[in-house]
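Notes follow in the order I took them.

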Amino acid sequence: MNYISDILYWISTGLLVPVIVLLILLFGRALLLIGSFFGQYASLRKTDAVLRGKLDTLTADTLPALAAELPEGRSLAVDHIRRMLDARESPARMERLLADFEIAADKDLAVSKTLTKMGPMLGLMGTLIPMGPALVGLAAGDIASMAYNMQVAFATTVVGLFASAVGFITQQIKQRWYLQGMTDLEFVAGLLNEKRSKQ
């Protein structure tokens, strides 16, 4: 039984370095996500107000003029609206563009989802693994070893929770952006279908 327990202890202790490396990578990815998120926010803020005004007054008759009035900027929804207007004669292509938008949105959300789920997992692993050596140090009277291991345990927890918080917040906000984008695309697709049925 002691032999099996020792094997488990060696395995868990051996996982500490990979867990710390992964947490450092997650932390770096979270910082990059914050930067790209604010870039997206700035771009959407410019295009969204203009797009809202155009779509609020849009009818099946004014659809042909929409392509020229769409705002410039990096917006997934605006890009797909342009492509839908180009494919207005093909309902199948419009359906595919709607599906492409969903796939692109899900792909963009993948990083946030990964951070949200992996941050707490790796943080908890990074907390629990050093606790074993810390308790051994405490039992042996080695306070310095115990303090070092507790420091590692707390640091990994904080980094994991930070990465998770960044992922959760960006995921919540981006999901709202993409839901609004999908609503706009479906509205334009409905008007295009209405215009085709009148012809």
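Predicted model: local features only at pLDDT ≥ 70, side-chain atom pairs only at ≥ 80, totals over all residues.

**Pocket**

I started with what counts as a pocket: on a 1 Å grid over the protein atoms alone, a cavity is a set of points where a 1.4 Å probe fits but cannot get out, while a pocket is an open set with protein on both sides within 12 Å along at least five of seven lines, and lining residues have an atom within 4 Å of a point. Grid points are joined across faces, edges and corners, and the volume is the space filled by probe spheres set on the points. The idea behind it is that rolling a probe the size of a water molecule over the atoms shows where empty space is left.

On that basis I read off a volume of about 520 Å³ for the largest pocket. Its lining has 27 residues, and Gln40, Leu44, Ser75, Leu76 and Trp177 are the closest to the centre. I then looked up which elements give two or more residues to that lining, and got α2, α4 (76-86), α5 and α7. Helices here are DSSP runs of H or I with at least four residues, strands are E runs of at least two, and both are numbered from the N terminus. Helix α2 gives the largest share of the lining, 12 residues. By class I noted 11 nonpolar, seven polar and nine charged residues in the lining, where Ala, Val, Leu, Ile, Met, Phe, Trp, Tyr, Cys and Pro count as nonpolar, Asp, Glu, Lys and Arg as charged, and the others, Gly among them, as polar.

**Ground rules**

Residues are numbered from 1 along each chain as its sequence is written, and side-chain values use heavy atoms, with hydrogens and water left out.

**Overall build**

I looked up the secondary structure and found seven helices and zero strands. How spread out is the protein? The radius of gyration is 26 Å, well over the 16 Å that the globule rule gives for 199 residues, so the protein is more spread out than a compact globule. (That radius is taken over C-alpha atoms, and the rule is 2.2 Å times the number of residues to the power 0.38.) Along the principal axes, the C-alpha atoms fill a box of roughly 85 × 35 × 20 Å. I also noted that 34% of the 199 residues count as buried, meaning under 20% relative accessible area, with exposed over 50% and partly exposed in between (1.4 Å probe, protein chains only). Among contacts (heavy atoms within 4.5 Å) with a separation of 6 or more, 78% come from residues 24 or more positions apart.

**Ring pairs**

Rings of Phe, Tyr and Trp (its six-membered ring) pair if their centres lie within 6.5 Å; planes under 30 degrees apart are stacked, over 60 edge-to-face and the rest tilted. My search of the whole structure gave four aromatic pairs. Phe27 and Phe162 have ring centres 5.3 Å apart and planes at 45°, so I logged the pair as tilted. Phe27 sits in helix α2 (residues 16-56) and Phe162 in helix α7 (residues 143-198), 135 residues apart. Phe27 is partly exposed at 33%, and Phe162 is partly exposed at 31%.

The rings of Phe101 and Tyr178 have centres 6.1 Å apart and planes at 75°, so this pair is edge-to-face. It links helix α5 (residues 91-128) to helix α7 across 77 residues. Phe101 is buried at 2%, and Tyr178 is buried at 12%. I also found Phe37, Phe38 and Trp177 linked by ring pairs into a cluster.

**Single residues**

Leu122 is in helix α5 and is buried at 6% relative accessibility. Leaving aside neighbours within four places in sequence, Leu122 contacts Val19, Leu22, Leu23 and Leu26. Leu122 and Leu22 are 100 residues apart in sequence, yet their C-alpha atoms are 7.7 Å apart.

Ser164 is in helix α7. Is Ser164 buried or exposed? Ser164 is buried, at 11%. Beyond four places in sequence, Ser164 is in contact with Leu115, Thr116, Gly119 and Pro120.

Arg82 is in helix α4 and is partly exposed at 24%. Not counting residues up to four places away, Arg82 touches Leu70, Pro71 and Glu72.
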